[in-house]
Structures are given as C-alpha cells and as structure tokens.
Amino acid sequence: MADRRGQQQRHMIARNNSSSSYSSFKSHKPSNRNTNAKNTHTNKFATVNPDNNDNIDDHQDIPNLVGTCPFMCPVEERARRERLRDLAVFERLHGNPAKTSSTLAVKKFCRTISTNNVQASDVRPVSVLEDTLNYLLNLLKSDCHFEVVHDFIFDRTRSIRQDLTMQNVTSDQAIHMYERMVKFHIISHHRLPKCGSPNIASICHLNMEQLTKALTSLFNLYEANRAPHSIYKDEAEFHSYYVLLHLCSDNQGESLSLWFRRVPFVIMKSKEMCFARRILRYFRLGNYKQFIYTTEAEASYLQYCIIEPYISEVRALALSCVNYGGYKLQPYPLTHLSNLLMMQESDLESLCVDCGLQTSTDGIGKALLSTKLTNTCNPKRGYHKYYELVSERLERLSAELSEL
C-alpha cells in the first residue's frame with residue numbers, strides 16, 4: 001500500500017511540473033536539505049522540471065542513473081566532433097577546427113536524447129557539472145564578442161541542465177547551479193540587445209525562453225527542498241525576477257495573481273518582492289517618476305538588468321506627458337528634464353528626436369523641448385535603443401558583479 005501511495009505521489013508531482021509554470025505549493029513532507037548528491041537520483045521529491053520541447057522524458061520514466069563521465073565532454077562525443085570538425089571556437093586546440101582536448105571540449109546539448117538508451121559514461125556527475133559551469137561562466141571575461149560567447153554558453157548550460165535532469169539531482173548543489181544559470185540568462189538579457197546583430201531579436205527571444213525554463217526549474221527545486229518555516233538565502237530575489245519579467249505585456253503563462261497565491265508568505269513580504277511589486281504597479285499606472293527613482297534607489301544589479309529595457313519606454317511616456325500636459329506654451333528646459341529622467345542631456349535630445357519632438361536652444365545656448373506638438377510618435381524601431389540610468393550606485397553594483 002505504501003509503495004502504491006508513493007508511486008501515485010510521484011506521478012502527481014511530475015504531472016504538476018509539466019503543466020504549470022510554477023509547481024504548486026503542496027504540503028509534502030520536505031526532503032533533507034543536505035541531501036548527498038550521490039544518492040539524490042532516488043529522491044521521491046525530484047521535481048526538476050524537464051525542459052518542455054527538449055525531449056527529456058518525464059521523471060517517472062527516468063531510470064536510476066548516476067553519471068560517471070570524468071570530463072566536461074564524453075570521450076566518444078569528443079572524438080566524433082573532431083572527426084566532423086564540429087568544434088566551437090572555444091574548443092579548438094591551437095585554433096585547429098578538427099582538434100580539441102579534454103580541457104576545452106564541452107558536451108553539447110542534444111535535443112533528441114533518450115534516457116532509456118543513455119549510458120552512465122555519457123553523463124557527467126554533479127562535481128564535474130559544477131566544474132564545467134565554472135569553466136563556462138569564466139568565459140564571460142573573454143575578449144570575444146559577447147554574442148559568440150553567449151551562443152556557446154547558452155548551448156552548454158542547457159546540456160548541464162539536461163544531465164542534472166537525467167540524474168534526478170535535487171540537492172543544494174543543483175539549486176546553486178540553477179541560480180547561476182538564471183543569472184547568466186539575465187545578464188544576457190541585458191547585454192544582447194546592445195550587440196547590434198541583425199538577428200539579435202531571435203537570439204533574445206531564445207534567451208528569454210531558457211531564462212523562463214531555468215527559473216521554473218529553480219522554483220521547483222526550492223519547493224522540493226522546502227524545510228518548515230525556512231527559505232533559501234536568495235530565494236526572494238529570484239522570485240522578484242519572475243515578477244519583473246511580467247513588465248512585458250507579451251509574457252505568456254499563468255497570471256501573476258494566481259502565481260502569487262502559491263508563493264510562501266515570508267517571500268511575499270520580503271523587501272525584494274515588495275520592490276518588484278511596486279515597480280510593476282508604477283509601470284502599469286504610468287508613474288514614470290516613481291518607476292525611475294525607485295529603480296535607481298533600490299534595484300539590485302540583476303533586477304536592473306531586467307528593468308532596463310523598459311526605462312526608455314517610461315521616459316518616452318514622460319516626454320508625452322510633458323508635451324501634452326503642460327499648461328504653458330513655453331519650451332521645457334532639457335537640463336531639468338534630464339535630471340528628472342536620470343539621463344545624459346545628449347541622450348535625451350536623441351530620444352526626443354526618436355519620439356518626433358522638436359528641440360531648440362535659447363539665447364544662451366541651453367537646450368529646450370518644444371511643447372504642445374501634435375506629431376509625436378513612438379520610435380520607428382521600437383525601444384531597442386537603451387539609455388542607462390545615470391547612477392553611481394548602479395555603476396558600483398555592476399563593478400561588484402565580478403562573477404556569477
């Protein structure tokens with residue numbers, strides 16, 4: 001009877017993971033938070049969310065598996081990719097596209113992998129996955145174009161998540177790795193639009209897709225390891241990322257109102273979540289002043305990376321309010337407006353032009369914004385031209401984020 005009950009519980013957990021953007025907060029008995037990575041594949045609370053469309057089997061069908069591959073890339077795959085000259089620029093030994101080594105090659109993500117046929121020698125254990133992730137994230141410091149670096153890390157971190165899923169790893173080590181991978185996708189969300197590539201929109205879309213999936217899996221891991229009256233150190237911060245990602249009206253999935261009901265009370269009352277909810281409210285109400293000032297004063301750097309694409313949109317709203325809402329016909333000083341919007345005056349002039357507004361200068365050379373214009377418009381290319389907040393605090397936070 002106990003075995004049948006346990007099997008039903010596992011099926012219910014797996015089904016919830018595949019159908020929801022956040023596993024529901026059921027009153028399960030929490031697992032040991034100090035679970036040894038070696039035996040986590042038997043954990044009955046294994047709720048790592050198999051990435052949808054990645055063709056990873058549901059957890060009830062995954063056999064007990066502990067990887068034994070000691071390298072970042074299995075020997076057989078490494079030899080095959082050398083033969084096919086399928087090596088990324090970071091994997092080439094002395095620049096040779098047909099030669100690599102165990103210290104350079106990293107296992108690629110495989111969309112059509114089958115857990116029924118996989119060999120333990122092709123799967124990396126947790127310790128090797130941690131070393132691999134360290135190696136990958138260190139590449140962010142390289143001098144290569146960020147788009148090239150992102151493409152490599154993007155694929156190889158998906159492979160890390162795949163190996164974790166196949167082994168049903170739900171330990172604290174897995175949580176830490178997922179947190180770092182989520183941070184990578186947030187940094188990429190911030191940096192990719194500035195690369196200027198013609199296909200950058202599709203790359204940003206794929207990055208956002210994997211950010212959402214990694215964040216969902218991380219929430220499931222938090223819940224699988226939930227101890228009574230306790231949360232993880234950075235759990236509230238990562239929940240705030242999910243809220244801020246809903247600034248975009250195109251964000252699909254369940255509504256935040258339903259999602260909030262499943263968030264533990266202690267997280268909902270955290271300063272990180274209170275900040276995210278205020279920012280969401282200011283954005284939806286069009287309160288541009290509080291949106292900008294609160295972001296500058298309280299946002300963590302990663303929170304700011306999510307918010308930044310919307311700052312230009314909020315500033316454009318402010319320009320529209322100044323243009324239509326002023327009761328005087330006199331031009332508005334750009335110096336005052338640039339302080340209000342926390343941006344360089346030269347950037348503000350460019351934004352005015354993008355929005356179809358006219359600027360002029362007075363007799364002493366000060367720039368002015370003409371008001372009561374009726375031919376205003378949204379920038380033809382959208383809000384992909386970013387103007388960072390002029391903030392010493394955010395600059396300092398950016399410098400402090402030396403590694404993920």
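**Close-up views of a predicted model**

**View 1. Who sits around E91.** Neighbours within four places in sequence aside, E91 is in contact (heavy atoms within 4.5 Å) with R81, D86, K99, T100, L104, A105, V106, F152 and R156. You'll find E91 in the loop between α2 (75-83) and α3 (126-138); helices here are DSSP runs of H or I, at least four residues, numbered from the N terminus. E91 counts as buried because its relative accessibility is 0%, buried being under 20% relative accessible area with a 1.4 Å probe, protein chains only. The side chains of E91 and R81 are joined by a polar contact of 2.3 Å, meaning a pair of N or O atoms within 3.5 Å, where one must be able to donate a hydrogen and the other to accept it.

This is a predicted model, with local features needing pLDDT of at least 70 and side-chain atom pairs counting only at pLDDT 80 or more, while totals for chains, interfaces and linings use all residues. Residues are numbered from 1 along each chain as its sequence is written, and side-chain values use heavy atoms, leaving out hydrogens and water.

**View 2. Helix α7 alongside α10.** The axes of α7 (residues 235-244) and α10 (residues 271-285) cross at roughly 10° and come within 8 Å, axes being lines fitted to C-alpha atoms over the stretch in contact, with angles from 0 to 180 degrees between N-to-C directions. That makes the pair roughly parallel, the word for angles under 35 degrees. On the α7 side, A236, E237, H239, S240, V243 and L244 do the meeting; on the α10 side, E272, M273, F275, A276, R277, I279 and L280.

**View 3. Helix α11 against α13.** Here α11 (residues 288-298) packs with α13 (residues 311-325) at about 145°, axes 9 Å apart. Y288, F291 and I292 of α11 make the contact with I311, V314, R315, A318 and C321 of α13.

Technical notes: Helices (H or I, at least four residues) and strands (E, at least two) are DSSP runs, numbered from the N terminus. Angles under 35 degrees count as roughly parallel, over 145 as roughly antiparallel, 65 to 115 as roughly perpendicular and the rest as oblique. Buried means under 20% relative accessible area, exposed over 50%, partly exposed in between (1.4 Å probe, protein chains only).
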